[in-house]
Amino acid sequence: MSLRPLEQRELLLFRLYRRCQFGMSPHDFYAKWEVTHLQMAQICHCSVPTVDRWFAGGSGQRAPTPFHQRRLAEVDLLWETYEEIPLAIRRRFCSPRYRADQDLSP
């Protein structure tokens, strides 16, 4: 497989991506979705104690990183718009272990 060079289009999209302020606070996510701290930790690829500190009061409270806020925003967007995403795109982003067109009913 040969590498594809970055052309003007890709460089423009890269600059757009770098300036994007895509993020969602843990409090906003928690207020919108009925998730546990464990589930939020799994979404954000962090520990449950880290999530606990986001919701702690006083000196124990810690702010989420931009990475964590971006992960929450990405999952929120996915949950809100999954059915609108064309199947070909879902197949590119989903793990091969799961079919992107499978039935998602509980």
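**Figure 1. Burial and fold of the predicted protein model.** Of the 106 residues of the protein, 21% count as buried (under 20% relative accessible area with a 1.4 Å probe, protein chains only; over 50% is exposed, and values in between are partly exposed). This is a predicted model, in which local features need pLDDT of at least 70 and side-chain atom pairs count only at pLDDT 80 or more, whereas totals for chains, interfaces and linings use all residues. Residues are numbered from 1 along each chain as its sequence is written, and side-chain values use heavy atoms, without hydrogens and water. The secondary structure comprises six helices and zero strands (DSSP runs, H or I of at least four residues for helices and E of at least two for strands, numbered from the N terminus).

**Figure 2. Confidence in the helices.** The mean pLDDT (the predictor's confidence in each residue, from 0 to 100) of the protein is 88.

**Figure 3. The crossing of α3 and α4.** The axes of α3 and helix α4 (residues 48-55) come within 8 Å and cross at roughly 110 degrees; the axes are lines fitted to C-alpha atoms over the stretch in contact, with angles from 0 to 180 degrees between N-to-C directions. The two helices are therefore roughly perpendicular (65 to 115 degrees). The contact (heavy atoms within 4.5 Å) includes H37 and L38 of α3 and W54 and F55 of α4.

**Figure 4. Residue H45.** H45 is placed in the loop between α3 and α4. Its phi is near 55 degrees, a positive value in a residue other than glycine. At 57% relative accessibility, H45 counts as exposed.

Notes: Angles under 35 degrees count as roughly parallel, over 145 as roughly antiparallel, 65 to 115 as roughly perpendicular and the rest as oblique.
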